[in-house]
Amino acid sequence: MGLLSGLLGNASGIDVGEAERELGRILLPGEEVHRAYRVVRDLFIFTEKRLVLVDRQGMTGKKVAFMSIPYKSIRLFSVESAGTFDLDSELKIWIAGMPLPIQRQFPRGETIYEVQLALAHYVTE
């Protein structure tokens, strides 16, 4: 992904090895990353066991929040496409025991549909 693409917020798939390095000590022994997507500085990482959301915070991005969501906890998810005057698409994920969904914005494009397909694959297994 080029610098301009990243600054504009374009999402893209990333290499599984790069995603595994980003997770560092977060992965369980033997846990493998199957798919990974970057939206600016944040990551959506799919392993065989869970979805990991990586949220880089602050100006430098040194502070990082990891949210681990077991697939069996995902109750519902939805995608809202970008409209004529709306530049962003939105992904919502409802988790068991949480009253409000997790929401993430995606730039106009196809990556939100790739993430939705990955969610559908892992949640229905």
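What share of the 125 residues in the protein chain is buried? I began my notebook with this point, and the share of buried residues is 36%. I took buried to mean under 20% relative accessible area, exposed over 50%, and partly exposed in between, with a 1.4 Å probe and protein chains only.

**Entry 1: the model.** I noted that this is a predicted model, in which local features need pLDDT of at least 70 and side-chain atom pairs count only at pLDDT 80 or more, whereas totals for chains, interfaces and linings use all residues. Residues are numbered from 1 along each chain as its sequence is written, and side-chain values use heavy atoms, with hydrogens and water left out.

**Entry 2: the chain as a whole.** I looked up the secondary structure and found three helices and eight strands in the protein chain. Helices (H or I, at least four residues) and strands (E, at least two) are DSSP runs, numbered from the N terminus. Along the sequence, the pattern reads α-β-α-β-β-β-β-β-β-β-α. I then looked up the surface: the protein chain exposes about 7,500 Å², and carbon and sulfur atoms supply 56% of that area. Accessible areas come from the Shrake-Rupley method with a 1.4 Å probe; for residues, only the protein chains shown count as cover. Among contacts in the protein chain with a separation of 6 or more, 34% are between residues 24 or more positions apart. Contact here means heavy atoms within 4.5 Å.

**Entry 3: helix H2.** I examined the start of helix H2 (residues 16–23), where a side-chain oxygen of Asp15 comes to within 3.0 Å of the backbone nitrogen of Gly17. Gly24 follows H2 and has a positive phi, near 50°.

Entry 4: I followed strand E2 (residues 33–39) to E3 and counted six bridges in an antiparallel pairing. Two strands pair if DSSP finds at least two bridges between them. Val33 has Thr47 in E3 as its bridge partner. E2 and E3 form a hairpin with two residues between them, and Val40 in the turn has a positive phi of about 55°. A further hairpin joins E3 to E4 through two residues, and E3 and E4 pair in the antiparallel sense over four bridges. In this pairing, Phe46 stands opposite Leu51 in E4. I also noted that E3 is mostly covered, with five of its six residues buried.

**Entry 5: Arg50.** Leaving out residues up to four places away in sequence, Arg50 touches several others, including Leu28, Glu31, Ser68 and Tyr71.

**Entry 6: aromatic pairs.** I searched for aromatic pairs and found four. Rings of Phe, Tyr and Trp (its six-membered ring) pair if their centres lie within 6.5 Å; planes under 30 degrees apart count as stacked, over 60 as edge-to-face and the rest as tilted. Phe44 and Phe106 form a tilted pair, 5.2 Å centre to centre with 40° between the planes. Phe44 lies in strand E3 (residues 42–47) and Phe106 in strand E8, so this pair ties together parts that are 62 residues apart in sequence. Phe44 is buried, with a relative accessible area of 3%, and Phe106 is buried at 0%. Phe46 and Tyr122 form a stacked pair, 5.7 Å centre to centre with 15° between the planes. Phe46 lies in strand E3 and Tyr122 in helix H3, so the pair ties together parts 76 residues apart in sequence. Phe46 and Tyr122 are both buried. Ring pairs link Tyr37, Phe46, Tyr71 and Tyr122 into a cluster.

Entry 7: I traced an open sheet of three strands in the order E6-E7-E8, with antiparallel pairing. Its edge strands are E6 (74–80) and E8 (102–107), each pairing on one side only. The twist averages 15° from one strand to the next. Six bridges join E6 to strand E7 (residues 88–95), and Val79 stands opposite Leu91 in E7. Helix H3 (residues 111–123) lies across E6, E7 and E8 and runs at about 160° to E6. For such angles, axes are lines fitted to C-alpha atoms, for helices over the stretch in contact, and angles run from 0 to 180 degrees between N-to-C directions.

Notes. Polar contact = N/O pair within 3.5 Å; in protein donor to acceptor, adjacent residues only side chain to side chain.
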